[in-house]
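Q: I am new to this structure and would like to learn how to read its features. Please show it to me and begin with the terms.

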Amino acid sequence: MNKIRIIDLLNKIANGEEMPNEIKYDNLVYKYNEQYDYKNKLQINYYSVDNGTDFFNNVFCYSLNDEVEIIEEDNNKIEKITGIDTRETRQCIIKFQEKFDEIIDKINNME
């Protein structure tokens, strides 16, 4: 079981490092999301649960030295594309390209 402190997770975002896809804190599993706000030209990185609760909205209620569990991902699982605002065509194309590249990499690694 891999763990990381909350402060280190925030530093990974600040440094543009690769983020774990899922973390677990206080018995809730949060999924990592990235979005680009074209209007304000901001990259938005956050963890949320299915009901929309954002992990970092409450981050200052936690001790930054608290640890979250990193959920290991199944390397054979390809996630579906969800939550794309079709009004932002460029973002949609980028998401499709990332998923197609992921599928191609998985096919090329099959033996």
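A: Exposure comes first: buried means under 20% relative accessible area, exposed means over 50%, and partly exposed lies in between (1.4 Å probe, protein chains only). F100, at 52% relative accessibility, therefore counts as exposed, whereas F96 at 38% counts as partly exposed. The model is predicted: local features need pLDDT of at least 70, side-chain atom pairs count only at pLDDT 80 or more, and totals for chains, interfaces and linings use all residues. Residues are numbered from 1 along each chain as its sequence is written, and side-chain values use heavy atoms, with hydrogens and water left out.

Q: How many aromatic pairs are found in the whole structure?

A: Rings of Phe, Tyr and Trp (its six-membered ring) pair if their centres lie within 6.5 Å; planes under 30 degrees apart count as stacked, over 60 as edge-to-face and the rest as tilted. The search finds 3 such pairs. One of them joins Y30 and F55 edge-to-face, at 5.0 Å centre to centre with 65° between the planes. Y30 lies in strand β3 (residues 28-37) and F55 in the loop between β4 (42-48) and β5 (67-71), 25 residues apart, so the pair links distant parts of the chain. Helices (H or I, at least four residues) and strands (E, at least two) are DSSP runs, numbered from the N terminus. Both Y30 and F55 are buried. Another pair, F96 with F100, is stacked, at 6.4 Å and 25°. These two are 4 residues apart in helix α2 (residues 89-109), which means about one helical turn between them.

Q: Which residues touch the most other members of the largest nonpolar core?

A: In soluble globular proteins, nonpolar side chains tend to be buried together. A nonpolar core is a set of buried Ala, Val, Leu, Ile, Met, Phe, Trp, Tyr and Cys residues joined through side-chain atoms within 4.5 Å. Here the largest has 15 residues, and those touching the most other members are L9, I23, Y25, Y30, Y47, F55 and V68. Two or more residues each come from α1, β2 (22-25), β3 and β5.

Q: Which residue forms a salt bridge with K12?

A: A salt bridge is a side-chain nitrogen of Lys or Arg within 4 Å of a carboxyl oxygen of Asp or Glu. K12, in helix α1 (residues 6-14), meets E17 in one, at 3.5 Å from N to O. The structure holds 3 salt bridges; among them, R5 pairs with D8 at 2.9 Å.
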